[in-house]
There are 2 protein chains.
Amino acid sequence: MHTPRVGMVGGGQLARMSAAPAAALGINFRVLATEPDESAAQVVADVAIGRHDDADAVLGFAVGCDVVTFDHEHVPTAILEEVLARGIDVRPGPHALHFAQDKVAMRERLSAAGLPCPIWSVIATAEDVDAFVEQTGYPFIIKTSRGGYDGKGVWVVRDRAQAVELIASPLAPGAVWLAEELINFTQEISAQIARSPSGQSVAYPVVRTVQKDGICSEVIAPCPGLSDDRAMQAQAIALQIAAELDVVGMLAVEMFDTGTEFFINELAMRPHNSGHWSIDGANTSQFENHLRAVLDLPLGSPLMQAPYAVMVNILGGDVGDLYSAYRHIYARDPGLKVHLYGKEVKPGRKVGHVTAVGSDLEDLLTRAHHAADYFSGAIDE
Amino acid sequence: MHTPRVGMVGGGQLARMSAAPAAALGINFRVLATEPDESAAQVVADVAIGRHDDADAVLGFAVGCDVVTFDHEHVPTAILEEVLARGIDVRPGPHALHFAQDKVAMRERLSAAGLPCPIWSVIATAEDVDAFVEQTGYPFIIKTSRGGYDGKGVWVVRDRAQAVELIASPLAPGAVWLAEELINFTQEISAQIARSPSGQSVAYPVVRTVQKDGICSEVIAPCPGLSDDRAMQAQAIALQIAAELDVVGMLAVEMFDTGTEFFINELAMRPHNSGHWSIDGANTSQFENHLRAVLDLPLGSPLMQAPYAVMVNILGGDVGDLYSAYRHIYARDPGLKVHLYGKEVKPGRKVGHVTAVGSDLEDLLTRAHHAADYFSGAIDE
């Protein structure tokens with residue numbers, strides 16, 4: 001048995017944050033980054049440069065890896081089939097990843113399995129809009145079936161004119177328009193699990209996610225006000241999806257919670273923003289368990305190390321220099337954990353996150369938001 | 001203000017474990033490693049290759065760094081003075097590092113400051129031995145004043161013949177023989193603090209260290225059976241030493257505890273084996289606080305995240321392949337934290353460590369020793 005090499009396609013912050021557990025595990029870790037100064041490429045020793053949709057780049061990067069995995073869902077499955085054909089494992093496999101890439105395929109498959117989805121339909125014409133609205137009324141949701149992220153490719157449609165105009169606009173190749181019922185939720189939650197090829201799974205505490213302009217802003221672990229029974233129900237949905245789709249690695253299932261029911265919103269088959277709290281707040285971080293899962297190693301405990309963990313994203317503001325904030329942030333709060341991603345600051349861009357772990361939820365929320373607001377320049381004291 | 005670059009001289013496991021907090025802080029991190037496949041060089045993006053005692057190598061590596069720090073104490077201070085002369089900060093500075101390099105200088109300085117040392121003397125002749133033994137009797141300790149580590153360069157001398165023969169053997173350049181009283185201790189402890197150039201200091205919980213054949217084998221945080229008063233006394237000794245010697249970064253003060261008194265044994269001005277537990281057991285690891293200290297950032301909380309943390313070193317045994325142990329180790333104990341250093345296994349060599357964090361000390365000790373013994377091949381189930 002030799003020490004394996006895991007290759008991660010994508011050089012963003014998820015690959016960057018995977019580097020620490022890769023080093024602790026003592027495995028070899030390689031990243032395919034688009035640019036030499038990308039987030040993960042700044043900190044990883046073994047970096048290949050190339051695009052995730054360039055077959056030669058992906059295949060060249062994969063040679064010498066024991067398993068290829070992902071920092072995002074956008075690698076064309078045809079390229080992954082070629083990687084597999086050369087005897088290199090791909091985890092999650094293209095047959096699973098397909099359902100994270102194509103939201104229509106995901107809705108079909110989850111609905112067929114009896115899993116709770118909003119009312120949905122593929123739409124192409126004004127007549128399709130009218131037929132759909134008979135079931136849901138306005139407003140409703142229109143999404144592109146492929147290629148969206150962080151709120152991009154998702155619209156709340158308030159009337160017929162808006163809907164008809166939207167679906168007349170150009171679509172990415174292979175994409176269609178997907179209409180979905182607007183769920184009147186009381187909160188959004190994320191249920192994360194890790195699953196290995198052997199079928200072992202562990203479920204993280206279900207968390208509350210708060211979105212702002214389509215971007216995850218705040219995560220509270222565990223989700224406040226969610227009963228144990230309902231939390232286990234959300235975990236069971238995530239475990240069932242992972243088994244149905246044969247997901248390997250981390251799976252995040254984002255759901256709407258109406259207070260009595262859950263509706264599945266999105267799937268992510270990789271470490272996910274809703275699990276960043278686990279670096280500082282769980283026995284085993286999502287990044288470590290993703291690596292352990294794709295290597296088919298027994299999974300680590302997902303249990304929390306304190307009653308609560310709060311994660312708040314740092315969004316770029318009008319301050320280009322994040323480092324200079326440390327003097328204030330750290331002097332004010334010696335217990336706060338800060339993670340910066342080495343990204344150029346642009347307004348609204350995720351450039352880092354802060355985590356506060358402890359037992360007083362209000363205190364953790366105040367501290368984490370203060371730090372994130374100070375980093376972004378929204379406050380100056 | 002720009003994002004600074006910290007350069008760490010030495011490519012061992014301390015530099016390797018510093019890479020994770022450097023990435024989280026979003027700073028630039030460069031390592032000077034002797035070989036391209038050294039422990040830290042395997043995982044750090046920015047690596048220079050060269051020896052720590054080669055002035056050109058150290059100076060070339062230092063250009064572009066804002067501050068130079070260390071994974072070991074062995075860089076000649078003359079080279080560090082040259083780095084300083086080029087306007088690059090060196091932390092800890094050569095004036096402080098001198099006392100970690102030269103045990104006679106350390107004894108002189110600490111004794112002058114009234115800090116508790118064993119009886120000691122420089123010895124060169126049989127007459128010196130006889131004069132020293134009048135104060136201490138046999139057995140006593142003989143050390144080389146420079147260059148020893150992990151029990152190398154330290155002897156317990158049981159009679160006059162052994163002492164006289166030993167001090168007739170060759171010494172490294174600049175070294176002398178140091179005789180020290182053998183302290184009849186009940187336990188060994190380590191008091192670690194972090195100190196910034198501004199003078200801010202934080203003290204970690206005092207730990208018990210257990211040595212085996214001169215190598216640190218087990219660390220328990222906090223030290224069992226040590227009263228709060230005595231723990232604070234040990235922390236006060238470490239804080240006083242750091243202030244006296246103007247140490248910047250992490251300082252570990254290893255002490256003998258007789259049950260009523262502490263005697264200073266060794267100093268380390270860098271992250272230290274006795275603080276590895278802090279990665280998984282403290283709010284801020286020693287590696288993060290070392291970086292924050294040398295950057296003169298406010299220091300992080302050194303408080304524990306659970307009542308106890310136990311760290312046990314993995315020593316090389318007759319099993320060359322550490323990775324294959326994971327299947328058993330992780331399946332048996334999903335809560336254990338393993339850190340492997342990417343080093344070739346050699347008998348007795350430190351190749352990793354395991355940490356168990358929780359509230360039941362006996363359970364943590366059993367689990368951590370089981371894993372370390374399994375990795376080394378001492379047990380096979």
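Helix 2 of chain A and helix 3 of chain A cross in a right-handed sense, where right-handed means that the near helix is turned clockwise from the far one by less than a right angle, and left-handed anticlockwise. The model is predicted, so local features need pLDDT of at least 70 and side-chain atom pairs count only at pLDDT 80 or more, while totals for chains, interfaces and linings use all residues. Residues are numbered from 1 along each chain as its sequence is written, with chains lettered from A and ligands numbered from 1 in the order in which they are written.

**Helices 2 and 3 of chain A**
- Helix 2 (residues 55-62) and helix 3 (residues 77-85) of chain A pack at about 35°, their axes 10 Å apart; axes are lines fitted to C-alpha atoms, for helices over the stretch in contact, and angles run from 0 to 180 degrees between N-to-C directions.
- Helices (H or I, at least four residues) and strands (E, at least two) are DSSP runs, numbered from the N terminus.
- A55(A), V58(A), L59(A) and A62(A) of helix 2 of chain A meet I79(A), E82(A) and V83(A) of helix 3 of chain A; contact means C-beta atoms, placed from the backbone, within 7 Å.
- This contact has 6 nonpolar, no polar and 1 charged residues; Ala, Val, Leu, Ile, Met, Phe, Trp, Tyr, Cys and Pro count as nonpolar, Asp, Glu, Lys and Arg as charged, and the others, Gly among them, as polar.

**Helices 3 and 4 of chain B**
- The axes of helix 3 (residues 77-85) and helix 4 (residues 94-101) of chain B come within 10 Å and cross at roughly 165°.
- Helix 3 of chain B and helix 4 of chain B are therefore roughly antiparallel (over 145 degrees; under 35 is roughly parallel, 65 to 115 roughly perpendicular, the rest oblique).
- T77(B), L80(B) and E81(B) of helix 3 of chain B contact P94(B), L97(B) and H98(B) of helix 4 of chain B.

**Contact between the chains**
- Chain B and chain A each give 37 residues to the contact.
- On the side of chain B that touches chain A, helix 1 (13-25), helix 11 (326-332) and strand 17 (337-340) of chain B give two or more residues.
- Helix 1 of chain B gives the most to that side, with 6 residues.
- That side of chain B divides into 22 nonpolar, 12 polar and 3 charged residues.

**Symmetry**
- Chain B superposes on chain A by a rotation of 180° with 0.0 Å of shift along the axis (RMSD 0.0 Å), fitted by least squares on the C-alpha atoms of residues with pLDDT of at least 70 in both copies.
- That is the relation of a two-fold axis.
- The same surface serves both copies, as 100% of the contact residues of chain B recur in chain A.

Note on methods:
Contact = placed C-beta atoms within 7 Å.
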